Amino acid sequence: MKKNNTRNADIFFQLTKRHLLVFFGNKVRVMYTLLVPVIIFAVYIFFLRDLELLTVQNELIKLGLNEDETLIHYCESLVDSWMISGIIGLSTITVALQANTIIVEDKQNGVNRDFASSPIHKNILIGSYFFYNFIVTALICCIFFLVCLVYLAAMGEFLITLLNALTVFAVMLYSTVAATLMTVFVCSFVKTEATMMSIVAVFSTAIGFLIGAYMPLGMLPVWVQGICGFIPGTYSCALLRYGFMATPLAELTEYVSLLPQLGDGAGVRLIETLTGSFGYNLNFFGVSVTAPFQALALGVFILLFLFLNVGVGKKLAAVLGMTKKKKRKKNETEK
């Protein structure tokens, strides 16, 4: 029994190694997967950043504080931290989705036929696909996380403490598990690379808006916000923002409290306005969802997709055309 478990573990890691070698062996695919979050980040820097900051500037103009460079700098740090955390949350999904091309390629190219004819247990093959996806997604998201830290340092906005960084890293891994389970479930129904590429293009474009990565969910129609509450990435973005925004928000709050011109609760209202637009608390159907419940919701989604993947596990290891052949043989036998 012990030898059998050791053998299964060895096969599991060998299969995972094989998937990783296939993925990283395709330089174009690796480059594209790495560039997806970077391109989104570049779009934010050159196009969306000014639009996001415009909301803040309008509030400062109302209070006559648009000339306070220190205050503007703190606000820029808050907005950048908000957006970066959203892009990282989005990246866990888009990278996990892109990594699933290996599964579809194995189906289309008949590689699964070799696995099916070997003594490899189906569950070991399925588990290796999950583990491979998790490794690729976590690795690329960590690389992008470092890129974001370099950007914040270059902008003079590096306010993240070690505790904040560890929080972001832990939430990122937690989110990667959810993204892996969700995307593998979706891709288990895909049979061709052409279909897979279409799904990647459409899904990657739309999901950023539905999880609040590009803009606050409060800007969306109420019925759309309700839909967003049923997407795991929504909670991933919110939890990541707790790590990224904790120190910038604390620094901004402390600075605002020292401004003499912000009396009679004006400072409090400014912070409430900013956190309302660039905050991390979610509100669905009039119910506020705080961090503990966000983490709980993400955990529920992980369990849900785990059970769903168990239910459709055969599709991941399925060999295209085998079912039709079996049915044909069965019909011929009956005749």
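Here are some questions and answers about this predicted model.

Q: How many helices and strands are there in the chain?
A: Let's start with the overall picture. The C-alpha atoms fill a box of roughly 90 × 40 × 40 Å along the principal axes. As for secondary structure, the chain has 14 helices and two strands.

Q: What share of the 335 residues in the chain is buried?
A: A residue goes into this group if its relative accessible area is under 20%. Out of the 335 residues in the chain, the buried share comes to 47%.

Q: For contacts with a separation of 6 or more, what percentage comes from residues 24 or more positions apart?
A: Contact here means heavy atoms within 4.5 Å. Take the chain's contacts with a separation of 6 or more, and the part from residues 24 or more positions apart is 84%.

Q: Which residues touch the most other members of the largest nonpolar core?
A: That core has 93 residues. A second, separate core has six residues, among them Leu97, Cys187, Val190 and Met196. Back in the largest one, the residues touching the most other members are Ile88 and Leu252.

Q: Is Asn133 buried or exposed?
A: Asn133 is found in helix α6, which covers residues 122–154. Not counting residues up to four places away, Asn133 touches Ala96, Ala99, Asn100, Thr180, Thr183 and Val184. Its relative accessible area is 0%, so Asn133 is buried.

Q: Are α10 and α11 roughly parallel or roughly antiparallel?
A: The axes of α10 (residues 232–257) and α11 (residues 266–278) come within 10 Å and cross at roughly 160 degrees. Angles over 145 count as roughly antiparallel, so α10 and α11 are roughly antiparallel.

Q: Is the crossing of α10 and α11 left-handed or right-handed?
A: On the α10 side, Met245, Leu249, Leu252, Thr253 and Val256 do the meeting. Their counterparts in α11 are Gly267, Leu270, Ile271, Leu274, Thr275 and Phe278. The way α10 passes α11 is right-handed.

Note on methods
Residues are numbered from 1 along each chain as its sequence is written. This is a predicted model: local features need pLDDT of at least 70, side-chain atom pairs count only at pLDDT 80 or more; totals for chains, interfaces and linings use all residues. Side-chain values use heavy atoms; hydrogens and water are left out. A nonpolar core is a set of buried Ala, Val, Leu, Ile, Met, Phe, Trp, Tyr and Cys residues joined through side-chain atoms within 4.5 Å. Buried means under 20% relative accessible area, exposed over 50%, partly exposed in between (1.4 Å probe, protein chains only). Helices (H or I, at least four residues) and strands (E, at least two) are DSSP runs, numbered from the N terminus. Axes are lines fitted to C-alpha atoms, for helices over the stretch in contact, and angles run from 0 to 180 degrees between N-to-C directions. Angles under 35 degrees count as roughly parallel, over 145 as roughly antiparallel, 65 to 115 as roughly perpendicular and the rest as oblique. A crossing is left-handed if the near helix is turned anticlockwise from the far one by less than a right angle, and right-handed if clockwise.
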